[in-house]
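Here's a quick briefing to read with the model open beside you. It goes from charge and overall build to the core, and then to a handful of individual residues.

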Amino acid sequence: MFAQFHTLEQKQRFKLKLDQVVQSEFESPSLKVNDIAARLYMCERQLSRYTKRYLDMTPVEYLRKYRLTKARKMLQQGLSAKQVTYSVGFSSYSYFARCFKQEFGYTTKEFRALH
């Protein structure tokens with residue numbers, strides 16, 4: 001039981017630190033995994049191991065998911081998909097639209113019609 005608690009505590013601490021770094025930088029399209037790792041004072045390989053172990057995804061997947069979640073909130077607030085694309089750090093609308101549909105199952109237009 002103690003080992004599980006310890007792991008849960010580690011997971012929460014890691015996610016909190018990761019969220020703080022990503023929150024402060026996610027809008028930049030030039031944000032890379034090595035930038036996140038450096039801000040967390042670890043190497044890319046260690047960051048990859050931690051995100052796999054604690055979040056069951058790669059750092060790239062985590063950053064993409066974080067950006068898409070922010071984008072969804074912005075779309076719900078009535079911003080256009082093109083505005084949102086660049087506001088959340090994507091540099092290409094077509095790539096953003098493809099990722100959005102893959103993540104949520106709707107195109108941005110369908111999503112806005114539902115909300």
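Let's start with charge: the protein chain carries 21 positive and 10 negative side chains, and the centres of the two sets sit 3 Å apart. Keep in mind that this is a predicted model.

**Overall build**

- Reading along the sequence, you get α-α-α-α-α-α-α.
- The C-alpha trace spans about 45 × 30 × 20 Å along its principal axes.
- The protein chain has 115 residues, and 32% of them count as buried.
- The accessible surface is about 7,500 Å², with 52% of that belonging to carbon and sulfur atoms.
- Take the contacts with a separation of 6 or more: 53% of them involve residues 24 or more positions apart.

**The nonpolar core**

- The largest nonpolar core is made of 31 residues.
- Inside this core, the residues with the most contacts are L18, V22, I36, L47, V88 and F96.
- Six helices each put in at least two residues: α1 (2-25), α2 (33-39), α3 (44-55), α4 (59-76), α5 (81-87) and α6 (93-104).
- Helix α4 gives the most to the core, with 7 residues.
- Once you set aside neighbours within four places in sequence, V22 is in contact with I36, Y62, L63 and Y66.

**V88, a loop residue in the core**

- You'll find V88 in the loop between α5 and α6, yet V88 is also among the core residues with the most contacts.
- Is V88 buried or exposed? V88 counts as buried because its relative accessibility is 0%, and the cut-off for buried is under 20%.
- Leaving out residues up to four places away in sequence, V88 touches F26, E27, R67, K70, A71, M74 and F96.
- V88 and L68 are 20 residues apart in sequence, and their C-alpha atoms are 7.7 Å apart in space.

**A81 in helix α5**

- A81 lies in helix α5, and its relative accessible area of 12% makes it buried.
- Not counting residues up to four places away in sequence, A81 touches L75, Y93, F96, T108 and R112.
- F96 turns up in the contacts of A81 and in those of V88.
- A81 and A97 are 16 residues apart in sequence, with 8.3 Å between their C-alpha atoms.

- S92 has 26% relative accessibility and counts as partly exposed, whereas V88 is buried at 0%.
- Apart from residues up to four places away in sequence, S92 touches T85 and Y86.
- S92 and P29 are 63 residues apart along the chain, and their C-alpha atoms are separated by 9.5 Å.

**Positive phi outside glycine**

- Y41 has a positive phi, near 60°, in a residue other than glycine.
- Look for Y41 in the loop between α2 and α3; at 77% relative accessibility, Y41 counts as exposed.
- D56 isn't a glycine either, and its phi is positive at about 60°.
- D56 is in the loop between α3 and α4, and with a relative accessible area of 63% it is exposed.
- Why do Y41 and D56 both get called exposed? Their values are 77% for Y41 and 63% for D56, and the label applies because exposed means over 50%.

**Cysteines**

- How many disulfides does the structure hold? The count is 0.
- C43 is partly exposed, with a relative accessible area of 44%.
- C99 counts as buried, at 5% relative accessibility.
- Why do C43 and C99 get those labels? C99 at 5% is buried because the cut-off is under 20%, while C43 at 44% is partly exposed because that label covers values between the buried and exposed cut-offs.

Note on methods. Residues are numbered from 1 along each chain as its sequence is written. This is a predicted model: local features need pLDDT of at least 70, side-chain atom pairs count only at pLDDT 80 or more; totals for chains, interfaces and linings use all residues. Side-chain values use heavy atoms; hydrogens and water are left out. Helices (H or I, at least four residues) and strands (E, at least two) are DSSP runs, numbered from the N terminus. Buried means under 20% relative accessible area, exposed over 50%, partly exposed in between (1.4 Å probe, protein chains only). Contact means heavy atoms within 4.5 Å. Accessible areas come from the Shrake-Rupley method with a 1.4 Å probe; for residues, only the protein chains shown count as cover. Lys and Arg count as positive and Asp and Glu as negative; His and the chain ends are not counted. The place of a charge is taken as NZ of Lys, CZ of Arg, CG of Asp or CD of Glu. A nonpolar core is a set of buried Ala, Val, Leu, Ile, Met, Phe, Trp, Tyr and Cys residues joined through side-chain atoms within 4.5 Å. A disulfide is a pair of cysteine sulfur atoms within 2.5 Å.
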